[in-house]
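The sequence and structure are shown first, and a description by topic follows.

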Amino acid sequence: MGPLSGVLVADFSRILAGPYATMLLADLGADVVKVEGPRGDDTRGWMPPVRGQTSTYYLGVNRGKRSIALDLREEADLRAARELAGRADVMVENFKPGGLARFGLDYDSVRAANPAIVYTSITGFGSGAGRHVPGYDLMVQAMSGLMSLTGDADGPPYRSGISVFDVMAGNHAVIGILAALRHRETTGNGQLVEINLLSSALTGLVNHSSAYVSGGVVPYRMGNAHPSVFPYEPLPTADDEIIVAAANDGQFRKLCEVLGIPEVADDERFATNVGRTANRAALRPLLEERLAERGAVEWFDLLVKAGVPCGPIQTIDGGFAMAERFGLDPIVEVGGVPTTRHPIRFSETPVDYTLPPPELDEHGAELRRWLAGEEHGTHPGTGTHPVSGRRPAPGAPEDGHG
């Protein structure tokens, strides 16, 4: 029974940001009911790659949920959706702003029937002047400035290798939900939690955003180089490249000692980070000459032993292998489906993996019976709760952002 045991989540989201958020909540013990349209979450059809006949994209963000397929244009299904929203502790949706109002599933309508609801809305650009703009991660990477920061200095802008702002917004949604649940615990009142991808992006750009907001500087891409620290980038070895992140003077001195060039750390041009950053063109060849003597993995072991932050550049299989090497057990199997372990560990309420990603409408029959009042159970937040599986919760909705 995780820390969110007893919390019922009505998940009306699809694609990535919302489903990722609700999966994290499910991992923590929440009962997540994934509400899908008759054709299912879009990511069910995003393939290849696949496991069997199922999209691995879908599998990656939907464990721990129960699925019910509802067509909101049908009266019986709409009634079930409203009943679910009325019983839920948390509702997550990513329709276009105002898109659920015609079904009576917008915040004001749901709150009227369920004042304690924590209603979480994920959009691309907010519910104000940007409400009409569809929200996709790639658009936000472009519009936020991230792509202008990614790629070689003299090359074209590039997107991140993942939908970074979808994931970031999903994490922000979880933070907002947990804070709102805490507020409800002390006041009894629910509230509207709004997340938009552009705001998540701007805060997620961190030092680059601060450079502009606080310093009036517009940063541009520098390839893999860091604008304020050197060495803090890939450097070539005898085989593969290795990231070296000697971000302070002590680490740089240790780097020089392991490389057999301790005198470089005493050179006034390189003695401080400011000097190393200003004179990176002169320093880089000195480091590369020594690094060429061994391979990346060998340097990794030597440098880490000396206290120098570094890491070989690997493909994803290498990343999982490294996590295994460190005893992080990165893969868990849920109902026969291998999946990535939840990133948070708890000493008292460990994460539990109860349900594999559901088939479309897999739990629809039992959920319909429960929502129609044919089955009853106890739920501390709303009075009744589904009785299915070890954790009393049926189905799970999907995510999106306009």
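R87 counts as buried, at 8% relative accessibility; here buried means under 20% relative accessible area, exposed means over 50%, and partly exposed lies in between, with a 1.4 Å probe and protein chains only. The side chain of R87 meets that of E83 in a salt bridge, with 2.7 Å from N to O. A salt bridge is defined as a side-chain nitrogen of Lys or Arg within 4 Å of a carboxyl oxygen of Asp or Glu. E83 counts as partly exposed, at 32% relative accessibility.

Both residues belong to helix α3 (residues 75-87), where they are four residues apart, about one turn of the helix. Helices (H or I, at least four residues) and strands (E, at least two) are DSSP runs numbered from the N terminus.

## Basis of the model

The model is predicted, so local features need pLDDT of at least 70 and side-chain atom pairs count only at pLDDT 80 or more, whereas totals for chains, interfaces and linings use all residues. Residues are numbered from 1 along each chain as its sequence is written, and side-chain values use heavy atoms, with hydrogens and water left out.

## Overall architecture

The protein chain has 402 residues, of which 48% are buried. Its secondary structure comes to 15 helices and 13 strands. The C-alpha trace spans about 80 × 45 × 45 Å along its principal axes.

Contacts (heavy atoms within 4.5 Å) were also sorted by distance along the sequence. Among those with a separation of 6 or more, 69% are between residues 24 or more positions apart.

## Nonpolar cores

A nonpolar core is a set of buried Ala, Val, Leu, Ile, Met, Phe, Trp, Tyr and Cys residues joined through side-chain atoms within 4.5 Å. The largest such core has 41 residues, and the members that touch the most others are V7, V9, L25, A30, V90, I122 and F165. Two or more residues each are given to this core by α1 (17-27), β6 (90-93), β7 (118-123), α6 (164-187), β8 (191-196), α7 (197-204) and β12 (331-334). Helix α6 supplies the largest share, eight residues. In soluble globular proteins, nonpolar side chains tend to be buried together.

Leaving out residues up to four places away in sequence, F165 touches D137, V140, Q141, S144, L146, L197, A201 and L205. Another core, of 25 residues, lies apart from the largest one and includes L8, F12, L70 and Y119.

## Salt bridges between elements

The count of salt bridges comes to 17. One of them joins R284 and E233, whose closest N and O atoms are 2.3 Å apart. R284 lies in helix α12 (residues 280-291) and E233 in strand β9 (residues 232-236), so this pair ties together parts that are 51 residues apart in sequence. R284 is partly exposed, with a relative accessible area of 24%, whereas E233 is buried, at 5%.

A further salt bridge is formed by D266 and R253, with 2.9 Å between the closest N and O atoms. The pair links distant parts of the chain, 13 residues apart, with D266 in helix α10 (residues 262-266) and R253 in helix α9 (residues 249-259). D266 is exposed, with a relative accessible area of 55%, and R253 counts as partly exposed, at 34%.

## A buried lysine

K34 lies in strand β2 (residues 31-36). This lysine counts as buried, at 0% relative accessibility. Its side chain makes a polar contact of 2.9 Å with the side chain of D41. A polar contact is a pair of N or O atoms within 3.5 Å; within protein, one must be able to donate a hydrogen and the other to accept it, and residues adjacent in sequence count only if both atoms are side-chain atoms.
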